Amino acid sequence: MSPPIVTLLTDFGLSDGYVGAMKGVLLRRCPDARLVDLTHEISPGAIDAGAYVLRQSAPWFPHGTVHVAVVDPGVGSSRRAVVVATEHHRYVAPDNGLLTLVLEEAPPVRVRSIENRELWERDVSAVFHGRDLFAPVAAHLASGGEFEAVGTEVSPGTLVRRPWPVPREEGPVRRGCVVYVDRFGNLVTNLPVAASELATGSVEVAGQVVPVVRTYSDVSPGELLAYRGSTELLEVGCNEGNAAARLGSGAGLVVTWRLRSGS
Amino acid sequence: MSPPIVTLLTDFGLSDGYVGAMKGVLLRRCPDARLVDLTHEISPGAIDAGAYVLRQSAPWFPHGTVHVAVVDPGVGSSRRAVVVATEHHRYVAPDNGLLTLVLEEAPPVRVRSIENRELWERDVSAVFHGRDLFAPVAAHLASGGEFEAVGTEVSPGTLVRRPWPVPREEGPVRRGCVVYVDRFGNLVTNLPVAASELATGSVEVAGQVVPVVRTYSDVSPGELLAYRGSTELLEVGCNEGNAAARLGSGAGLVVTWRLRSGS
Amino acid sequence: MSPPIVTLLTDFGLSDGYVGAMKGVLLRRCPDARLVDLTHEISPGAIDAGAYVLRQSAPWFPHGTVHVAVVDPGVGSSRRAVVVATEHHRYVAPDNGLLTLVLEEAPPVRVRSIENRELWERDVSAVFHGRDLFAPVAAHLASGGEFEAVGTEVSPGTLVRRPWPVPREEGPVRRGCVVYVDRFGNLVTNLPVAASELATGSVEVAGQVVPVVRTYSDVSPGELLAYRGSTELLEVGCNEGNAAARLGSGAGLVVTWRLRSGS
């Protein structure tokens, strides 16, 4: 049997000792754990960005993986902390909506509130639950500890969900907005794209009309394009360039996709 | 038995090939080693910041861990390089004060000077001891090699220590300064806080009076607070904001903590 | 036998979910793989920088390592993707010159075109071959799959090579240019330095004459120096400073090395 995998997603950054401390606790309590960073570069407190990046990456891991996700501006307050089991994965996180998108992809099957202090570090810092509470609970699960031992049962329907803007569809026209901007300056929208819809129509964004094509090099260098992104959402990019910089903006921009040219 | 853990802390950054080269050498010489990054984002040559981040993270690792720490502006000069064993951990580092704070937390038990060239890479670059000297010595220790084989014995008292500003205590008033600023803009001071001192009094910093509370959400969004940080030192932060940006400054700021309001 | 090592070098950055998704696919398909990041901070699309950083780090890894390298502005176009075996290592990459420098250090022995779709993810995104094509093929090789199964044979001579500026030698004078700037602001040139040539002569760069010495501390703080870098190329640096910032520039600068002073 392969050793347990624990992934980490936080807004702690990579320049301080926070991530290292979490990893120390994880390895002290679950010496076999294989630790994998998803990212630690979520902007401080940016729950929505964390939810999107978690959705981009966590579902690709093997069944049984434990994902610790900590973007937690309410640390130390009365906000709830939870463990959530889906069919194949387990998540350890504050109950603040960070799991919204992964739980749309795979619904929660079992949820427990993190309450059993015997599993935690003895002296819990009020400002660093990643080290003193989330890492120990993840180690508990990864080392085969009982899910039920974490705390009392929670109804999945009570989990906090972040609102996700709903696209509107009017015949061959879909209206949505930019929900995430990646490091390349690609604008990810909330408009889902079926595989069969590749390369059809055009997109209007920030006053520009952009062709929907298959990949970057289908337009000339420096030109804007729209395409089916790797999370199956429509994205706007720029071949050998940065669309966010070109359009002077990013998250929140309104996007109108006309599936047929001239429609 | 679990495989040996080797952590890495450097100022090499993550954009060049330096960290990768160190890891290649470590894995070639100790194929079972489990490599864990503490951070590589210490500012170039910032020994004090490296000492603090090492103190934040290294002590949380399992007994027996080998920590390689390289913030080494004097690389290739006559500065000494050492291996240091504390009761539970081993450190491989230049002898420039980088270990100051971890050795306050757990004193050195055995120290050797890194001198035995047979353990190193054959062609030692004068500017990259991380790859050619520190990584091989860490691999030697991690794979069970003798501590004594590294080089001649060194008296722990001769290790270079960085000066750490000493707080002053005048009755219910403590005076100190900011020693580190983290990625959230939290200001870490040199003032220790006992667990029993939570949420008492106020702090004066940069002309502002800030309440000492338990956690961020105990003040309104955008407001400053002081609290017991996760390294048990007083910190000044800003709920849903950045205290360093708010105060226009960081390391070196004078901090006055009045344990009772009005004192 | 030690578990297989897979290194990753990309321009995906660490803030999005791209690297996490690749790692999830790698671990799902090769549960024993030990994943090691070389870097993910290559500037978007910077093939030459990727080639240099890969050369800095990949050759230090144990024999048998699989290196996945993805700096791929032509993703989804008709550009070829390949697996390349050298005597001791295997590379999985787009055929766009990213392997130029590692293949100068160790020539390609066997090359296959990545064509066998049965090895890939079922639904291949046109914009994320790292996750859907390169990671699965790397997992195939790391888990002992046949090299030949990846696709049809390719003549090594047809691999795309990036032009590397050739230094000119005129008696005791060598002329070259800056090919890479690292995070410390050190300027890496294309001028090779034999070990026996340490500390001889001077270098002219950007109107400044800089002594060739052994290491940083051989000049005063704030002064420029030239030295044999850790990839055995001449570099220009600044003791306790940043040469690129001092000289106001970096890649492309002309460098003239006079091996004897006054020559």
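What distance separates the centres of domain 1 of chain A and domain 2 of chain A, taken over C-alpha atoms? The centres are 32 Å apart. The model shown in these views is predicted.

**Figure 1. The two domains of chain A.** The domain assignment divides chain A into domain 1, residues 5–158, and domain 2, residues 168–258. Their centres, taken over C-alpha atoms, lie 32 Å from each other. Domain 1 of chain A brings 4 residues to the contact, and domain 2 of chain A brings 5 residues.

**Figure 2. Close-up of the interface of domain 1 and domain 2 in chain A.** About 410 Å² is buried between domain 1 of chain A and domain 2 of chain A, with 70% of this area on carbon and sulfur atoms. The two domains of chain A have 0 salt bridges between them. There is 1 residue pair in polar contact across this interface, both residues being at pLDDT 80 or more. On the side of domain 1 of chain A that touches domain 2 of chain A, 3 residues are nonpolar, 1 is polar and none is charged.

Figure 3. The copies use different surfaces, and 16% of the contact residues of chain B recur in chain A.

**Figure 4. Close-up of the interface of chain B and chain A.** Chain B contributes 31 residues to the contact and chain A contributes 35 residues. The area buried between these chains is about 2700 Å², 52% of it on carbon and sulfur atoms. Of the area that chain B buries against chain A, 28% comes from Trp60(B), Arg183(B) and Ser230(B), more than from any other three residues.

**Figure 5. Polar and charged pairs between chain B and chain A.** The interface of chain B and chain A holds 2 salt bridges. In a salt bridge between Arg228(B) and Asp123(A), the side chains meet at 3.6 Å, N to O. Polar contact across the interface of chain B and chain A involves 15 residue pairs, with both residues at pLDDT 80 or more. Two or more residues on the side of chain B that touches chain A come from each of β2 (34–39), α2 (47–57), β8 (173–181) and β12 (224–228) of chain B. Strand β2(B) supplies the largest share of that side, 5 residues. By class, the side of chain B that touches chain A consists of 14 nonpolar, 9 polar and 8 charged residues.

**Figure 6. Superposition of chain C on chain B.** Chain C is superposed on chain B by a rotation of 120° with 0.0 Å of shift along its axis, at an RMSD of 0.0 Å. Arg34(C) is the residue of chain C that comes closest to the rotation axis, its C-alpha being at 5.2 Å. The copies meet through different surfaces, because only 13% of the interface residues of chain C are also interface residues in chain B.

**Figure 7. Close-up of the interface of chain C and chain B.** Here 30 residues of chain C contact 35 residues of chain B. Chain C and chain B bury about 2700 Å² between them, and carbon and sulfur atoms give 53% of that area. Trp60(C), Arg183(C) and Ser230(C) account for 28% of the area that chain C buries against chain B, more than any other three residues.

**Figure 8. Polar and charged pairs between chain C and chain B.** There are 2 salt bridges across the interface of chain C and chain B. Asp123(B) and Arg228(C) form a salt bridge through their side chains, at 3.5 Å, N to O. A further count gives 15 residue pairs in polar contact across the interface of chain C and chain B, both residues at pLDDT 80 or more. The elements giving two or more residues to the side of chain C that touches chain B are β2 (34–39), α2 (47–57), β8 (173–181) and β12 (224–228) of chain C. The largest share of this side is the 5 residues from β2(C). Its residues divide into 14 nonpolar, 8 polar and 8 charged.

Notes:
Residues are numbered from 1 along each chain as its sequence is written. Chains are lettered from A and ligands numbered from 1 in the order in which they are written. Side-chain values use heavy atoms; hydrogens and water are left out. Contact means heavy atoms within 4.5 Å. Domain bounds come from an automatic or database domain assignment. Buried area is the accessible area (1.4 Å probe) that two parts lose on being put together, summed over both. A salt bridge is a side-chain nitrogen of Lys or Arg within 4 Å of a carboxyl oxygen of Asp or Glu. A polar contact is a pair of N or O atoms within 3.5 Å; within protein, one must be able to donate a hydrogen and the other to accept it, and residues adjacent in sequence count only if both atoms are side-chain atoms. Ala, Val, Leu, Ile, Met, Phe, Trp, Tyr, Cys and Pro count as nonpolar, Asp, Glu, Lys and Arg as charged, and the others, Gly among them, as polar. Helices (H or I, at least four residues) and strands (E, at least two) are DSSP runs, numbered from the N terminus. Copies are superposed by least squares on the C-alpha atoms of residues with pLDDT of at least 70 in both.
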